Amino acid sequence: MTDDAVTKAAYSQSNTGSPSLLCGVSNAESTEVPPGSSLNTFGSSSSWVSTAAHSKTHSNTVPRATFFVHYLRTRQSQKPTIHSLEFKSGDGLNSVFYVKQMAAAVLSHIYQEGYKRILIFISPKSGKGKGEEIVKRHILPILHFSRHAVDVHLTTRAHDCEDYVANISNALDGGTVVACAGGDGMIHEALNGLQRRKLALLKALREGGGNTGQPTTVTSLAYYFRHSKTVTEAWDRALPMVATIATGSACGLAKSLNVLHHTEAAISLINLRTCHMDLMHMKFIPNPELLSHNKARLVSGKHTKSAESGFCKYFEKHRREIEERDAERQNCKKMKLIDTTSPFLSDGTPEYRNPVSHYYGFPDFAERVAFMSLSFGMANDIDHGSEHLRFLGNNRFIVYGGYLILQGVRKYSTLLRYLPWESTSGFKVEKIHSNRKMPDTTQMPICTMNDSCPHCLEYAPRDVLSHTSTEKEAATEDDSLIQLSRVDESDEEAPEKSLDQFTNAELLNEEEVDFDDESLPWVTIRGDFYNMIICNLRDVAQDMVMAPIAHLSDGAIDLVYSRVDPSTGKGGRKELVQFMTSLEKGKHVEYEFCHYVKARAVEIKVDEGISMSDGELMPMSTARITKIRQGSRLVRFDYE
């Protein structure tokens, strides 16, 4: 695929009633449709593209075949334009056959994933607030010519997208694409919604065994687990893909997936080339020291009365709902059930448990997933503090970062504990001392950001549904390793019996680590840190390559941090300026003061400051982080 002739957007039927091999409606006499034209009815309600195909019978007994090819063309810096080619067969069955055969071949290449339902969620507040305009002008005119059905939702409150995706009564499966028009916060919502949906489906399946009386989404999951070779394959069939349309400020994921440009995003939604990415699973444990620190901030700022008054109003407003949710959680704990209680109230408001968290906006989460990062220190001060500068776009980070550096570098007392990630040959990435260097590409290759990455393939998650022949032979006397795929379809109780042989963590592809097991090879680092970014992704913004050797799916958590050198006391403005100015090309990791670790599990306790995940505030808590292997299936743009 080249810039001069990006793969066609689709085929469509002309208004003359000629036979159609693809969906949509186009004018046979019109050869160019400007992307700015309003081809779809657009609004806060749904907007669908018709997928109906029609045929025409001529007076003779052999109908001719006519179809139209629509493709996108860009020349240098000009705006992309949609062009059309008309194909007609001659008289006779052979001519009609060859034309239809050619069309079928092109269709199968373009729609390798088949025809999908695309749900576009638009965040009106992301970036400069132009998401709705971008989708209307640059995305929908191209999707109009595809065979996919398109529906548009304008979010009306916080966590609207997440709650919709999490609700298992909404029909979402592998035939659906959830496209997020916004920034990293929208992707964070969608992927947390998918994780909550997984838990709700698994809970319903555990309780009902996938019987016919349950929702279709649950009975379908039972079937997928029985007839899939891997856990990843089962979830791919049960859950929607996730795509991003970059309209926010940072958009690190959009850069990694090659969809920063709106045209690339639109084409990616037509071709639907996908890749799998691990997610970071974060569990939060209350941190009394951090709570005390923020209480002291309230007192020193004389905001205690204001905080208490605000929290009382909040609690009185939501008292009944909070009490009902607490009772539901207690019941789940007592019955040892999966807790699927939403982390947000019915109006999208987070739960707060005390005046301090309510005043500063720290939500009360027990756990969340992150697709990009969990960060502490100066990075968060810049991200959170620059919220009022969103109108500057991505430049807000540079402007506010410069302002904070001039004020002086703040340091945070931190306890970091991690389990090193090891390669199959025993190689570790632990640049934790000034005399250590980053590994070269022979030791740690750069990720190709797709499912064919050799490194990611080498460290693919263990398959628990269909074991290798060696494992099968070793397990002949172990009934706990019976394959789900061998279950007799005629046995209605089979799904329940089969699922009992696997833990929830196994069916969710979650890495299990006992953080209280001191016999494990934990590495502990204490000191004054001024930056800590725990990365799941290479790019944390479109111009910040934070973790250059991070991979989409190798089971590793990449830590990038800077701290005051305990031997020299170095660590201040100079180092932070060097760090910030080297992020665009990922050269910051080469400095002695910047440390880099690949870990398989991380625990971090910070006694002051704020923590943020994917740009969203997290609880005042100690965080324990592991990996969910191949926890998401993302739509990317290929230049092939």
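Biologist: Is C275 buried or exposed?

Modeller: In this predicted model, C275 is buried, with a relative accessible area of 0%.

Biologist: And what about C332, buried or exposed?

Modeller: C332 has a relative accessibility of 3%, so this residue counts as buried.

Biologist: How many disulfides are there in the whole structure?

Modeller: A search of the whole structure finds zero disulfides.

Biologist: Let us change topic. Where is A460?

Modeller: A460 lies in the loop between α14 (454-458) and α15 (469-474). The residue is partly exposed, with a relative accessible area of 38%.

Biologist: How far apart are the C-alpha atoms of A460 and Q630?

Modeller: Their C-alpha atoms are separated by 8.4 Å, although A460 and Q630 are 170 residues apart along the chain.

Biologist: What is the average pLDDT of the chain?

Modeller: The chain averages a pLDDT of 81, and 81% of the residues score at least 70.

Biologist: Where does pLDDT stay under 50?

Modeller: One such stretch is residues 1-60, for which the model has 170 contacts beyond four places in sequence. Residues 467-497 also stay under 50, and there the model has 38 contacts beyond four places in sequence.

Notes: Residues numbered from 1 in each chain as written. Predicted model: local features only at pLDDT ≥ 70, side-chain atom pairs only at ≥ 80, totals over all residues. Heavy atoms only, no water. Disulfide = S-S within 2.5 Å. Buried < 20%, exposed > 50% of the residue type's maximum accessible area, 1.4 Å probe, protein only. Helix = DSSP H or I, 4+ residues; strand = E, 2+ residues; numbered from the N terminus. pLDDT = per-residue confidence, 0-100. Contact = heavy atoms within 4.5 Å.
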